[in-house]
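Me: I would like to take a close look at a single part of this structure, and I am still learning how to describe such things. Please go through it slowly and in connected sentences.
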Amino acid sequence: MQGTLARHPFRPDVALRNASMRAAHRCGVSKSDLIRATGLTGQTVTKALAGKPTPE
């Protein structure tokens with residue numbers, strides 16, 4: 001609800017992508033490999049791995 005009021009709607013595709021990146025990182029995939037494979041910025045990948053909201 002709060003995200004809707006702040007005009008940041010829930011994005012299930014981004015949430016799934018971020019959860020997949022966290023799972024891959026736990027299994028030993030390096031952050032640089034995730035950056036290269038996804039084409040995202042290092043800052044976005046770092047936020048996703050920390051469980052923080054990403055700018056999308």
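Which residues make up the largest nonpolar core?

Reply: In this predicted model, the largest nonpolar core is made of five residues, namely Met 21, Leu 34, Leu 40, Val 45 and Ala 48.

The next step is to look at two helices, H3, which covers residues 31–38, and H4, which covers residues 42–50. Two packed helices are described by the angle between their axes and by the distance between those axes. For H3 and H4, the axes come within 10 Å and cross at roughly 120 degrees, and the two helices are therefore oblique to each other, while their crossing is right-handed. On the H3 side, Lys 31, Leu 34, Ile 35 and Thr 38 take part in the contact, and they meet Gly 42, Val 45, Thr 46 and Leu 49 of H4. Sorted by kind, the residues of this contact are four nonpolar, three polar and one charged.

Helix H4 also holds Gln 43, and this residue is exposed because its relative accessible area is 57%, where exposed means over 50%. Along the chain, Gln 43 and Thr 54 are 11 residues apart, and their C-alpha atoms are separated by 8.9 Å.

Methods
Residues are numbered from 1 along each chain as its sequence is written. This is a predicted model: local features need pLDDT of at least 70, side-chain atom pairs count only at pLDDT 80 or more; totals for chains, interfaces and linings use all residues. Side-chain values use heavy atoms; hydrogens and water are left out. Axes are lines fitted to C-alpha atoms, for helices over the stretch in contact, and angles run from 0 to 180 degrees between N-to-C directions. Helices (H or I, at least four residues) and strands (E, at least two) are DSSP runs, numbered from the N terminus. Angles under 35 degrees count as roughly parallel, over 145 as roughly antiparallel, 65 to 115 as roughly perpendicular and the rest as oblique. A crossing is left-handed if the near helix is turned anticlockwise from the far one by less than a right angle, and right-handed if clockwise. Contact means heavy atoms within 4.5 Å. Ala, Val, Leu, Ile, Met, Phe, Trp, Tyr, Cys and Pro count as nonpolar, Asp, Glu, Lys and Arg as charged, and the others, Gly among them, as polar. A nonpolar core is a set of buried Ala, Val, Leu, Ile, Met, Phe, Trp, Tyr and Cys residues joined through side-chain atoms within 4.5 Å. Buried means under 20% relative accessible area, exposed over 50%, partly exposed in between (1.4 Å probe, protein chains only).
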